[in-house]
Amino acid sequence: MQRFVDLTLNGVTYGMIYAVFALAIVLIWRATRIVNFAQGAQAMVTTYIAATLVEHQANYWLAVVVALASGLVIGGVIERVIVRPVEKGPVLNPVIVTLGTLVALEALAGIIWGGGLRSFPAYFSQIGVVVGKHRLAFSHFDIYVLVAIVSVMVLLVLLFRFTPLGLRMRASAFAPEVARLLGVRVGRMLTLGWALAGVVGALAGVLVAPKLLLSPNFMDAVFIYGFTAAVIGGLDSPLGAVVGGLATGLALSYVGGYLGSTLEALGALAMLMVVLMLRPQGVFTRVTSREV
Amino acid sequence: MAAVEVADLTVHYGPVAALRGVSFVAEEGTTTAVLGANGAGKTTLLRSMTGLVRPDRGSVRFGGDELTRLRVEDVVRRGVAHVPEGRGVIEELTVEENLRLGGLWRRRSERDGFDAVFELFPVLRGRRHQHAATLSGGERQALAIGRALMSRPKVLLLDEPSLGLAPIVTGQLMARLASLSRDEGITVVLVEQNARTALSIASRAVVLNLGRVVVADRAEAVAADTQLRHHYLGF
Amino acid sequence: MALPGTTGSAGTSGPAGARGRMPAWVWKLRLPRQPMIRHLVLAVAGGAVLFGITSAVGSYDDYQVAQIGFTAVAIAGLSLLTGANGQISLGQGAFIMVGAYGAGMVLVHTGLPVFVALIVGVAVSAAAGVVIGLPASRLRGPYLAGMTLALAIGLPALPLKYSSTFAGEQGLSINPLQPPGTVDPQRWLAWYVLLAVLIMLVLMGNLMRSRFGRAFKAVRDDEVAAALSGISVMRTHVLAFAVSAGAAGLAGGLRGLATGGVVPDAFSVALSISLLAGMVLGGTGSLLGAWWGAAILVYAPQWATSVANSLHLRQGQGSNLALLFYGVVLVVVVLLVPSGVQGALRKLAGWLAQFAGQPSQLAGVSTGTVVHKGEEGP
């Protein structure tokens, strides 16, 4: 019983991280109809930047803010410089370009910071909280992770639903040509979308780094599982991203816990295949008919 | 200085010429009807005026300013509003959000804007918080035009506003368009298949055929020319 | 293998001076018009050239030629699937693994000849291609990419899980080919690989020119129109997956022979991504381009290591440098030269031919075009 509770708590924590990462993926998909395969690598770079600051005696919170800010900049620059030229045209091109960016960023990180594992500070205690007679697999740090992620989600909802900027961004995503006819600078909105996704990814990076340890590839798994979550929930649905993230986190936690960690990746594959076979467009997407 | 001056506008889609050397002028505060059969180039004309399509040759001036190579959003920010074919109502947003979007770049006081639109199209007031997907054809047309008006445009381009609307609704719509031109001094360029109704509210008419201007004259003159009407306008 | 050497003139406007020095029949040489025969001629000609090259160079270079060979057939399979049929696959590495284990198990547990093992490898991968292709045919764009990515990551875990059958992390150990007489083993390996690869490529080339190949492209360009003209979209997609996987299976079997073993580690996601890179660099959709891409993939790590050494970088930074090179080149190629090396060559040949007043013959040699309509949604 204790094991089940621990696995569940573990699943929720990781699930929220996958969820917020999936949100970043959905954000970019809705804006530009592209899956940003470099999303994880961007988060890795910003986390390394924060780690470097911390190693030079900087305050943890300052490092986090710098990570978020650099996530904003990197995300925006990548859209403007690398992705903008291929946004229209064959679907293969953005895939290749973002994959190329992924490979280049990971290699660059390896060259600059070396391939070895590094630790990243957690700031809060990572020791499990004691409830009654049991020590749960849930610490102050995990509480902080959940609070941070939920806050970001709430902020995003507020931004998109209640601000003029959010309205412009939604319009640019739903109907770019019409938005242009209403004076919206659609190009800027798209860049901003990628920049925001960069911030969200950066947050996921600093939150998961203390658990996974930093290395050039450490965000690969988060990307895969976050992407799985987004696809399961439906690439067009932010709600789907959150639900998909939690579902993925829980499922992987149980698979890893009861069947062994080597099967974790296969577990994700199985989930993905099942959902894609039963409901290819994702659980929360409304089916629209294709125009011929 | 005319509100709209189009000179020698030429547009090709690959090897096909959609517009060949189209020129016309629309004076401030007037309504100009752009008429012709399907495929005559009417929609292409409007789209190249706002910049959705790049012309190969020619120029478009609004209020004396050459706007031909500007980006669409920059043309719009000079005071041109374009209600596209199919209305372009954003279904995922509510009626109010669609309207607000229209006036955003103007940063105009929203309440004034909404009041004016609801006065012109009372049917929208009741549907304010509904998603635009739930609106009927006539309501969408009202929303699209109201949204365009939120930015207080000097020039209003409309592409087939009567499409899919019942005759009664079309009549009401046209009456409101006429009042816009008359009372607010907006220059209206109206592309219409329904030539008869368009001619009834326009002061000038431009007839296109296969991308060329066949006739550009006073609306009454065009309406009176029965041979022309039969040949190019279907009535 | 990309030889413009057999291009001839169609008219009388060649440079007068050169014409005077060559016998008249040279100018009438032309690639055969019949595609099946054209492919055979190209393969034989290419094979002859490669035979000459491998005989002339040393043992290690022969080994690398073998590497280029099986990498090229893997890329060609991917090119068919992604370029001609428009299905983005990030999982080619998984099919290579299936073929490697298929052929490997036959070689390790039975006494059957090598070519039988290779055929088994191809068959098993093709079957896997059908199994994956069935659900994949319902997916588009990023959903398909995601599924194949998950496949590339998840499948290598299987041999580890069933380590008793598949010899787990250690992997299978495969005896090298026995060359006849005094032929150098690496040279023999290179010839063997090239023969197998050329046969497969000729078959694939012929398939691309047949109605199946046309169906691949029709479905890629406009699914609804293709369906309306009587093509079964699902069957076409599944066939493309099967053929592509079969090619990968051959690559896997040959790879096992070349490296002397089959280890799960070798078939990571990085392999799939590098194959995709090779495809784009060489020219998506082009069978000839697959060779360019393969050559780049085989030589780039060496080049990168030597650059790393001359820059006195730390141990192992060579591989990072190679990866950085891939990444940057991928981005730059797609932005500036989307049709890859083969496309650039074709354009160059076109310009040269125009300059000399002759039509270019290279236009017919590829399997498809890079530019294809995007598909979005599930």
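**How we know: packing and confidence in a predicted model**

In this predicted model, the buried residues of helix 6 of chain A are covered by elements including helix 1 (2-32), helix 5 (140-162), helix 7 (176-181) and helix 8 (186-212) of chain A, together with helix 3 (95-103) of chain B.

Q: Which residues of helix 6 (residues 164-174) of chain A are called buried, and what makes a residue buried?
A: A residue is buried if 20 or more other C-beta atoms lie within 10 Å of its own. In helix 6 of chain A, L167(A), R168(A), M169(A), R170(A), A171(A), S172(A) and A173(A) are buried.

Q: How much of chain A is buried?
A: Buried residues make up 57% of its 292 residues.

Q: What makes up the secondary structure of chain A?
A: Chain A has eleven helices and two strands. Along the sequence, the pattern is α-α-α-α-β-β-α-α-α-α-α-α-α.

Q: What share of the contacts in chain A with a separation of 6 or more joins residues 24 or more positions apart?
A: The share is 71%.

Q: What makes a set of residues a nonpolar core, and how many residues does the largest one have?
A: The members must be buried nonpolar residues of the listed kinds, joined through C-beta atoms within 7 Å. The largest core has 294 residues. Those with the most contacts inside it are I17(A), V73(C) and V193(C).

Q: Which residues does V73(C) touch, not counting residues up to four places away in sequence?
A: V73(C) touches V197(C), M200(C), L201(C), A247(C), L250(C) and A251(C).

Q: How many residues does each chain give to the contact between chain C and chain A?
A: Chain C gives 44 residues and chain A gives 41. On the chain C side, helix 7 (141-154), helix 8 (157-161), helix 14 (269-282) and helix 16 (317-336) each give two or more. That side divides into 28 nonpolar, twelve polar and four charged residues.

Q: Where in chain C is confidence lowest, and where is it highest?
A: Read pLDDT on its scale from 0 to 100. Helix 1 (residues 16-21) of chain C is lowest, at a mean of 47, while helix 13 (residues 233-259) is highest, at 93. Residues 1-20 of chain C stay under 50, and residues 362-378 of chain C also stay under 50.

Terms used
Residues are numbered from 1 along each chain as its sequence is written. Chains are lettered from A and ligands numbered from 1 in the order in which they are written. This is a predicted model: local features need pLDDT of at least 70, side-chain atom pairs count only at pLDDT 80 or more; totals for chains, interfaces and linings use all residues. Two residues are in contact if their C-beta atoms, placed from the backbone, lie within 7 Å. Helices (H or I, at least four residues) and strands (E, at least two) are DSSP runs, numbered from the N terminus. Ala, Val, Leu, Ile, Met, Phe, Trp, Tyr, Cys and Pro count as nonpolar, Asp, Glu, Lys and Arg as charged, and the others, Gly among them, as polar. A residue is buried if 20 or more other C-beta atoms lie within 10 Å of its own, exposed if 12 or fewer, and partly exposed in between; C-beta atoms are placed from the backbone. pLDDT is the predictor's confidence in each residue, from 0 to 100.
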